[in-house]
Amino acid sequence: MTDQRSVFADATQAKGEAIIECVGVDKFFGDFQALYDINITVGLQEVVVVIGPSGSGKSTLIRCINRLEKHDRGSIRVDGIELTDDVRNVQEIRRETGMVFQSFNLFPHLTVLDNITLAPRQVRHIGKDAAEEDAMSLLDRVGIPEQARKYPGQLSGGQQQRVAIARSLAMKPKVMLFDEPTSALDPEMIKEVLDVMVELAKGGMTMIVVTHEMGFARAVADRVVFMSDGRIVEVGTPEHFFTNPEEDRTKLFLSQIL
Amino acid sequence: MSDRKVIEVGDDSAAAGRPVEVRLGAWAWAKKNLFSTWYDALLTLTLGSLFVAFGWTLIRFLFTSDFEILRVNLALLMLGEFPRDQLWRPAVALILIAVLLGLMAGMGSASARDTAEQTGLPYQRSRPLAVLRRFWPVLVFVLVVLILTETVAPWLVAVSVFVAGVGSFPLGRALPGGVRKRGWLILIVIIAAIFLVLVGGGVGWDGWGGLHLNLFLTVAGLLLAFPLGLMLALGRRSTLPALRAMSVTYIEFIRGVPLITLLLLGQFVIGFFLPAGFRPGNVTRILIAITLFEAAYIAEVVRGGLQSVPSGQVEASQALGLAPWKTMRRIVLPQALRNTIPAMVGQFISLFKDTTLVIVVNMIDILGASQAANAQGSFLAQGLHRVTLPFVALAFWVGSYVMSREARRLEHKLGVGVR
């Protein structure tokens with residue numbers, strides 16, 4: 001396996017122990033190929049930020065990692081478990097992988113507390129009291145313990161997204177996937193969500209973040225992945241990436257957004 | 001409305017830029033809204049005179065008609081041929097059910113209070129007057145019935161039902177939260193049991209009739225059809241081709257057949273499918289036909305609800321690791337069913353009215369009773385349908401109107417469309 005990967009720049013490989021390994025991943029939507037030969041590993045406690053123009057396959061890539069989309073070729077391993085059609089594998093990986101969506105996707109018919117305790121109770125079979133205690137400490141962490149008994153519809157966008165993060169964390173995942181978590185937020189709410197994510201990164205959480213927040217990428221990312229047209233174009237440390245990009249496509253993109 | 005100021009024309013607070021509600025005098029109002037142009041005036045006069053004519057006819061009808069036929073046949077219209085020496089059974093059942101419904105309402109009220117306390121959402125305990133506004137058609141109908149009665153017993157029953165319902169409300173409200181959570185289902189089961197044992201026990205439901213039969217067929221039909229319809233809807237969305245094909249075939253077949261045909265089929269065909277010697281009574285066969293029929297429609301309503309839940313909800317649930325059936329049970333169904341309330345109530349109302357079709361299989365429901373009354377020797381061929389049919393219509397209107405109003409209220413409470 002290693003010799004196969006050595007064709008690619010070293011930067012696609014994590015330095016330490018890898019927790020996510022994608023090898024030669026292709027993904028089609030009908031005749032349209034969304035991902036071309038994706039090779040990337042993510043190490044334990046690493047923060048990888050994926051950027052790129054819209055339609056470049058960033059979201060598709062992280063949605064393949066927890067099987068919200070099924071990849072067509074290649075292999076994806078999460079925490080040593082290969083993603084196959086076996087439902088049990090998929091369930092196991094989803095239990096270890098938290099995901100935060102652009103549109104929050106909180107459950108509107110449940111209170112904030114119930115949103116957070118649902119999965120621990122239903123999937124991990126934790127008792128009600130223990131789950132609620134956990135949930136309250138998570139709400140403390142994201143800074144909105146006073147909203148516990150409210151419904152998502154009563155909260156602002158930023159608060160909803162923080163609840164969504166707490167909901168994912170309640171499953172004590174080993175990896176967190178963020179799919180443009182701040183794209184649906186008003187500017188003044190972006191910061192409160194990013195602050196939570198920064199704290200999470202400092203705490204040693206393994207994260208893959210699809211985002212357009214270059215400031216976040218610069219400050220928090222261990223590596224930045226640039227994707228375009230379904231391909232990984234360039235991977236590097238933030239300093240390297242933002243100050244000295246190698247590929248023309250990357251330079252063009254950065255010149256457009258910075 | 002509350003922060004608006006009502007002022008008389010000429011008040012100068014209008015100049016202060018506050019929203020102002022101008023209250024016109026009656027004459028000025030009429031001039032503005034009814035007679036502003038010549039064709040407005042013409043329309044007002046035409047419709048006005050029609051309205052007056054209709055009102056006059058209605059009053060004449062009420063004061064000149066002989067309601068003897070209703071008075072004599074009241075029990076027939078309400079209960080069909082239920083043995084007259086057994087009438088205490090429905091009376092006692094009615095009172096017990098009132099107790100349980102009072103408990104339920106109390107429990108519901110307490111739950112709403114608790115939710116409001118926790119979430120900080122506004123909550124207002126409904127006042128007696130508001131309750132009256134919700135249920136006034138029922139009250140009108142009960143009063144009409146009571147006025148038509150010739151004995152004191154129905155009055156006693158009505159008063160007991162009222163006292164039982166109102167009296168048990170605070171009891172339900174005082175129940176602790178834990179009991180309340182499971183109490184609903186238990187109470188529904190007890191109501192069904194009371195009904196079957198007390199009312200059915202003496203007579204057997206083939207002896208039922210009148211409005212009682214219409215109500216029973218509606219409620220029982222719905223309770224039985226709902227789970228079946230739910231399963232059909234899920235089957236139709238299943239990934240298993242065989243299950244999906246079966247559901248689609250069933251739904252499309254049943255929806256292509258009129259209920260009246262199914263009722264007749266029930267009479268002649270259901271027996272063919274059942275083991276020899278087991279011959280269900282008439283009402284049982286009607287209930288089977290209604291259940292099979294309604295299930296297909298409910299399935300389609302539920303399917304619409306399932307489609308209304310955004311795919312992000314399923315994805316979020318899957319991403320959390322919930323198994324598919326738990327995603328369905330905890331995330332999709334609660335939201336889907338909430339979204340189906342308007343369509344579901346429409347379905348319930350149309351079933352309520354469709355229960356009159358049992359007349360074709362020789363059951364005497366309230367409509368059948370009205371026909372039967374007109375065939376009695378003393379009332380034959382006197383055109384008294386004009387007295388009985390409005391009464392029947394009133395009964396159905398009351399049921400349908402209250403149902404649709406309550407549904408709108410429930411919809412509002414659950415926040416359909418405002419989320």
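Two strands pair if DSSP finds at least two bridges between them; strands (E, at least two residues) and helices (H or I, at least four) are DSSP runs, numbered from the N terminus. The structure is a predicted model, in which local features need pLDDT of at least 70 and side-chain atom pairs count only at pLDDT 80 or more, while totals for chains, interfaces and linings use all residues; side-chain values use heavy atoms, with hydrogens and water left out. Residues are numbered from 1 along each chain as its sequence is written, and chains are lettered from A and ligands numbered from 1 in the order in which they are written.

In chain A, four strands form an open sheet with antiparallel pairing, in the order S2-S1-S4-S5. Strands S2 (32-43) and S5 (81-82) of chain A are the edges; each has a single partner strand, so one side of each lacks a neighbour in the sheet. Strand S4 (residues 73-78) of chain A runs antiparallel to S5(A) and is joined to it by two bridges. Arg77(A) has Glu82(A) in S5(A) as its bridge partner.

## A buried strand in chain A

Strand S3 (residues 47-51) of chain A is largely enclosed by the rest of the structure, because five of its five residues are buried. Buried means under 20% relative accessible area, exposed over 50%, and partly exposed in between (1.4 Å probe, protein chains only). In a regular strand the side chains alternate between the two faces of the sheet. Val47(A), Val49(A) and Ile51(A) point one way from S3(A), whereas Val48(A) and Val50(A) point the other way.

S3(A) pairs in the parallel sense with strand S8 (residues 206-210) of chain A over four bridges, and Val48(A) has Ile208(A) as its bridge partner in S8(A). Parallel pairing over four bridges also links S3(A) to strand S9 (residues 223-228) of chain A, where Val224(A) stands opposite Val49(A).

## Cysteines

With a disulfide taken as a pair of cysteine sulfur atoms within 2.5 Å, the count over all chains is zero. Cys22(A) is in no disulfide, and the nearest cysteine sulfur, that of Cys64(A), is 8.2 Å away. Cys22(A) counts as buried at 1% relative accessibility, and Cys64(A) counts as buried at 0%.

Ala233(B) is in helix H8 of chain B and counts as buried at 0% relative accessibility. Contact means heavy atoms within 4.5 Å. Residues up to four places away in sequence apart, Ala233(B) touches Ala299(B), Val302(B), Arg303(B) and Leu306(B).

Helix H16 (residues 366-374) of chain B has the buried residues Ile366(B), Gly368(B), Ala369(B), Ser370(B), Ala373(B) and Asn374(B). Their cover includes helices H3 (68-79), H8 (210-236) and H17 (385-414) of chain B.

## The second largest pocket

The second largest pocket has a volume of about 670 Å³. On a 1 Å grid over the protein atoms alone, a pocket is an open set of points where a 1.4 Å probe fits, with protein on both sides within 12 Å along at least five of seven lines; lining residues have an atom within 4 Å of a point. Grid points are joined across faces, edges and corners, and a volume is the space filled by probe spheres set on the points.

The lining of this pocket comprises 24 residues, of which Thr239(B), Val314(B), Gln318(B), Pro324(B) and Met328(B) lie nearest the centre. Helix H3 (87-96) of chain A and helices H13 (311-319) and H14 (324-339) of chain B each supply at least two lining residues; H14(B) gives the most, with five. The lining divides into 15 nonpolar, six polar and three charged residues, where Ala, Val, Leu, Ile, Met, Phe, Trp, Tyr, Cys and Pro count as nonpolar, Asp, Glu, Lys and Arg as charged, and the others, Gly among them, as polar.
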